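Please look through the model below before reading on.

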Amino acid sequence: MTLPGQIINAAGTLTRLSAGPLAPGVLQAMEAADAASVDMVHYHAHAGARIAAATGAESGLATSGASAGLLLAAAACLARDDFARMNALPRTGDLREIVIARSHRNGYDHALRMAGARLVEVGLPEPAAGAGVRDVEPWEYAAAIGPRSAAVAFTATRANAAQLPEIAAAAHAAGVPVIVDAAAELPPAANLRRFIADGADLVTFSGGKVLGGPAGTGLLAGRRDLIASAALQSLDLDVRLADFAPVPDFIDMTRFAGLPRHGVGRAAKLGKHEIAGLLAALDHFLAEGDAARHARWLGVVSDLAGTLPKARAAILHGSDTNRIPLLMLGFADADAAQAADRQMRARPVPVHLGTDPGDPAALLVNPVCLRAGDQAALAEALNAVL
Ligand SMILES: *Cc1c(COP(=O)(O)O)cnc(C)c1O
């Protein structure tokens, strides 16, 4: 069977290419979740406890993606325990600023702004400009934090993650929580715990990338009070206060004197099927482990490399189980690489390859989204174009 718009995805877990394949067990878990109706508050509490256990955080919330996680994290930091403020978002009161390094800004910061936050930039990405060696420093956050600061936002990468503890310390010294976007920071599995351990008050991961959950899922983990606020701003709250009885571990209602109307997160709703799929993916991700996952992916790129001219293909991260092994295809120059990329996408079943902004004369094969049936067709396409 061919799907409308079907492609061979050798580019990785990109949303525009329908994200990653579902982990084993995910579809079955989604089907099992269909067998009965549930009270979504209790189902969410169950998912939150599983996310907390997997991340080492106090609490957790299943979301409709990491971007939704950022929206909910921002909403939680802007409104805290104040249900009138929850109700008013995205109109904020004085507490409205999120401090973020210029070099951490990206298209997903729209999710923070959607909650009502105004972004206050710090740092200067001088390495990007070729003008210096420094990007952003903890004192710059400390200097920018004031009475209007609701949070610090940190977009985690392999390169900057070591800075989080001292930046979190600067934020906490001023009483401000830290939101970490770690959407694509898996593998390694240890990163599920790392950012919380390093001081994040809230961290979000994508469920549809390497985790292997449905494309429209994500994890939010962090402080119990902030997760409760995020949950209150995303759950369906068409219920009388007296009838709303979540488990206190998830939402401690003694902290709240009322219930907001549906919050800014209600537009990022997540159904039970997706939650069931996300939890099954999380279980599989933890059970498989980095080494076995890496070996499975390495098998795919090694088999493919064996079908290609030796001088044109090299395996990257072949012995680093913290990373996804990739097959790098070398071209004479950037124009040749771009032409090959276009030819691959013009094939009867289009082939999408990865690119590396740091090396425009290369194309990359990322094994994560390749299905067993793709490998022969991909080898044939690559040999035709190389
Ligand atoms: C993929 C990604 C997101 C969005 O994740 P979704 O689960 O697709 O919403 C956010 N931030 C970063 C850095 C990402 O790579």
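Is Glu 97 buried or exposed? Glu 97 counts as buried, because its relative accessibility is 14% and buried means under 20% relative accessible area, with exposed meaning over 50% and partly exposed in between (1.4 Å probe, protein chains only). Before going further, note that this is a predicted model, in which local features need pLDDT of at least 70 and side-chain atom pairs count only at pLDDT 80 or more, while totals for chains, interfaces and linings use all residues. Residues are numbered from 1 along each chain as its sequence is written, and side-chain values use heavy atoms, with hydrogens and water left out.

Glu 97 also has a charged partner. Its side chain meets that of Arg 148 in a salt bridge, with 3.6 Å from N to O. Glu 97 belongs to strand β3 (residues 97–101), whereas Arg 148 sits in the loop between α7 (138–144) and β5 (149–155), so this pair links distant parts of the chain, 51 residues apart. The names of such elements follow a rule: helices (H or I, at least four residues) and strands (E, at least two) are DSSP runs, numbered from the N terminus.

A salt bridge here is a side-chain nitrogen of Lys or Arg within 4 Å of a carboxyl oxygen of Asp or Glu. Side chains of opposite charge can pair when their charged atoms come close. By this rule the model has 18 salt bridges. One of them joins Arg 266 and Asp 236, whose closest N and O atoms are 3.3 Å apart. Both residues lie in the loop between α10 (224–232) and α11 (272–305), so the bridge ties together parts that are 30 residues apart in sequence. Arg 266 is partly exposed at 24% relative accessibility, and Asp 236 is partly exposed at 42%.

Another salt bridge is formed by Glu 137 and Arg 134, with 3.3 Å between the closest N and O atoms. Glu 137 is partly exposed, its relative accessible area being 22%; Arg 134 is partly exposed as well, at 48%. Elsewhere, salt bridges link several residues into a network made up of Arg 102, Arg 105, Asp 109, Arg 113 and Glu 121.

Next comes helix α10. How many of the 9 residues of α10 are buried? The number is 8, so α10 is largely enclosed by the rest of the structure. The buried residues are Asp 225, Leu 226, Ile 227, Ala 228, Ser 229, Ala 230, Ala 231 and Leu 232. Their cover includes the strands β2 (59–63), β7 (202–206) and β8 (218–222), together with the helices α3 (66–79) and α4 (83–88).

Strand β8 contains Leu 220. Leu 220 counts as buried because its relative accessibility is 0%. Leu 220 and Ala 62 are 158 residues apart in sequence, but their C-alpha atoms are 6.2 Å apart in space.

Two helices can also be followed as a pair. The axes of α11 and helix α13 (residues 374–385) come within 10 Å and cross at roughly 40°; axes are lines fitted to C-alpha atoms, for helices over the stretch in contact, and angles run from 0 to 180 degrees between N-to-C directions. The two helices are therefore oblique to each other, since angles under 35 degrees count as roughly parallel, over 145 as roughly antiparallel, 65 to 115 as roughly perpendicular and the rest as oblique. Contact means heavy atoms within 4.5 Å. In this pair, the contact is made by Val 300, Asp 303 and Leu 304 of α11 and by Gln 375, Leu 378, Ala 379 and Leu 382 of α13.

Some details of the backbone remain. Leu 89 and Pro 90 are joined by a cis peptide bond, with omega about 10°, and Pro 90 is placed in the loop between α4 and β3. A cis peptide bond also joins Pro 187 and Pro 188, with omega about 5°. Pro 188 lies in the loop between β6 (178–181) and α9 (191–197).

Ser 18 is not a glycine, yet its phi is positive, near 75°. Ser 18 is found in the loop between β1 (8–10) and α1 (26–33) and is exposed, with a relative accessible area of 56%. His 317 is likewise not a glycine and has a positive phi of about 55°. The loop that holds His 317 runs between β9 (313–316) and β10 (326–330), and His 317 is partly exposed, at 26% relative accessible area.
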